[in-house]
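Please open the structure in your viewer and keep the selection tool at hand. The tour below moves from one selection to the next and says what is there.

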Amino acid sequence: MNYKVIGRYLGLLLITEGVFLIPPALISLFLHESNAFYAVLATILLAAVVGGVLFLLCRKCKREFYAKDGLVLVALAWFVLSAFGALPFTLSGEIPNYIDALFEIISGFTTTGASILTDIEAVSKGLLFWRSFTHWLGGMGILVFIMAIEPSGKGKGNSFSLHVMRAESPGPSVGKLVPKIGLTAKILYALYIALTVLCIGMLLLGGMPVFDSFCIAFGTAGTGGFGILNDSMASYSPYLQTVVTVFMALFGINFSVYYLFLRNPRAALRDEEVRTYLLIMFGAVLLITLNIYFSATDFGSFKECLHSAAFHVSSIMTTTGFSIADYNLWPSFSKWIILLLMLLGACAGSTGGGIKIARFLLIFKSMRAGFKRMLHPRSVQVITLNGKPVEDGILQGLWVYLSAYAVIFVISTLLISIDGFSVLTNLSATLSCLSNIGPGLDTVGPAGNFASFSWFSKIVLSLDMLFGRLEIFPLIALFSHDVYRRRNINIRRAL
């Protein structure tokens, strides 16, 4: 285990987080929010000091870096990022309980959008901006951002960058768009920034205030869903809601496909995962629209039902979590579709959460291949995705991931059931956190929040959010004895 390179990048991460806290500090200073300003300023100074000391102590690190180092670095980075990111809320007194503040900021960085706040509009603007900005930072991954801006040098090689990107980026497999992984990170962030700026521009054209436009765009781009109003997106015009609907769907698509589209539009349009993603999305919109329109309860005209269904399907499937209505009131059929969409999630390589469409495609292709082998035992079945054979290692990793996902889901649901909420509340709360969605059903629906859970359940759900965003393995590696056993080096002595 290369502890010094891990320490070096944790230090760099804290310094970077301090830089990202400057805009919230300036907003609070400009709006005379003194408590928020001093709280953010104190956090910036603390992050700079701790990060600077770590960076200096570990600046002379060896080049050797392996997959397990990448997993541990990513897991530690997200813990450290969240631990410091929660401080402004607690120091300002706006979320006095640190566990509540930690839950809120982990929800932000993991782009979950689950909240313990009961009156969002009472929070200072500076901290609301930081809360939404964490979505944008967590969407693509802050370590990927560091790789994009830091020049190559000692302690940073292609193997390092690839191991980190594979540990932090969602999906069954992560590859390079171009030969150099650092350039791949730059391309991904360039596309991410371009789409975010376009989203902000479209919102401004619809008359949304500048502050709101940035916060909503951050939540849309990161598919996070932190609203800055108590009713999420319900108060905004149908035009603004439609813009967000479209951009949520766009950010749920693999960013590699956008790069491919710029080079070969036909090949991008033939991508199996994107076509399946759009087909499921349009099918779900149609089914929910018809179900709520013809239900006994009056949900408005057909156009209004279509608008509401499209918004929430885009929001839930991309795991964003914005809402314009309480879908808890929808018929059971529509609510079951919502639950299934929570499980499915968006495309691999997007900012969306969930299990991912690519994995479900591989599951069905594996089932079909297994059935064919039963009929023709001597036949050779090759599983392909977009015309390319899928390696056995990826398929094995898929089943390990699904098994781990199921175990974590069952244990987490059992643990939070101690609080005594309904079965639907517990199931949807765990699923929404593990899939990084935010709102669930029943008590944690779009009209509710997670404030009533105990501190113990909030810790469990916070871990679920991290498990979901980092796709399980980095956190397992962090707490696995086998990862540290090979060289038998004490961590404190190594640093």
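A residue counts as buried when its relative accessible area is under 20%, as exposed when that area is over 50%, and as partly exposed in between, with a 1.4 Å probe and protein chains only. The model is predicted, so local features need pLDDT of at least 70 and side-chain atom pairs count only at pLDDT 80 or more, while totals for chains, interfaces and linings use all residues. Residues are numbered from 1 along each chain as its sequence is written, and side-chain values use heavy atoms, with hydrogens and water left out.

**The whole chain**

Begin with everything selected. The chain holds 24 helices and 2 strands, where helices (H or I, at least four residues) and strands (E, at least two) are DSSP runs numbered from the N terminus. Of its 495 residues, 58% count as buried. The chain exposes about 21100 Å², and carbon and sulfur atoms supply 67% of that area; accessible areas come from the Shrake-Rupley method with a 1.4 Å probe, and for residues only the protein chains shown count as cover. Contact means heavy atoms within 4.5 Å, and among contacts between residues at least 6 apart in sequence, 72% join residues at least 24 apart.

**Stop 1: two loop residues with positive phi**

Select Thr-111, which sits in the loop between helix 6 (98-109) and helix 7 (125-140). Its phi is near 60°, a positive value in a residue other than glycine. Is Thr-111 buried or exposed? Its relative accessibility is 2%, and Thr-111 therefore counts as buried.

Next select Glu-471, in the loop between helix 21 (455-469) and helix 22 (473-478). Glu-471 is not a glycine, yet it has a positive phi of about 55°. With a relative accessible area of 6%, Glu-471 is buried.

**Stop 2: helix 1 and helix 3**

Select residues 3-20, which form helix 1, together with residues 34-57, which form helix 3; their axes come within 7 Å and cross at roughly 155°. Axes are lines fitted to C-alpha atoms, for helices over the stretch in contact, and angles run from 0 to 180 degrees between N-to-C directions. The angle makes helix 1 roughly antiparallel to helix 3, since angles under 35 degrees count as roughly parallel, over 145 as roughly antiparallel, 65 to 115 as roughly perpendicular and the rest as oblique. The crossing of helix 1 with helix 3 is left-handed; a crossing has that name if the near helix is turned anticlockwise from the far one by less than a right angle, and is right-handed if clockwise.

To look at the contact itself, pick residues including Gly-7, Leu-14 and Gly-18 in helix 1 and Ala-47, Gly-51 and Phe-55 in helix 3. The residues of this contact divide into 10 nonpolar, 5 polar and 2 charged, where Ala, Val, Leu, Ile, Met, Phe, Trp, Tyr, Cys and Pro count as nonpolar, Asp, Glu, Lys and Arg as charged, and the others, Gly among them, as polar.

**Stop 3: Pro-88**

Move to Pro-88, in helix 5 (residues 87-92). Pro-88 is buried, with a relative accessible area of 0%. Which residues does Pro-88 touch, not counting those up to four places away in sequence? They are Leu-21, Ala-39, Val-40, Thr-43, Leu-127 and Trp-130.

**Stop 4: helix 15 and two partners**

Select helix 15 (residues 272-293) and helix 16 (residues 302-317), whose axes come within 8 Å and cross at roughly 140°. The two are therefore oblique to each other, and helix 15 passes helix 16 in a right-handed crossing. The contact includes Tyr-277, Met-281 and Val-285 of helix 15 and Phe-302, Cys-305 and Val-313 of helix 16. By class, this contact has 16 nonpolar, 2 polar and no charged residues.

**Stop 5: Gly-387**

Finish at Gly-387, in the loop between strand 1 (384-385) and strand 2 (388-389). Gly-387 is exposed, with a relative accessible area of 62%. Its C-alpha atom is separated by 9.4 Å from that of Asp-271, 116 residues apart along the chain.
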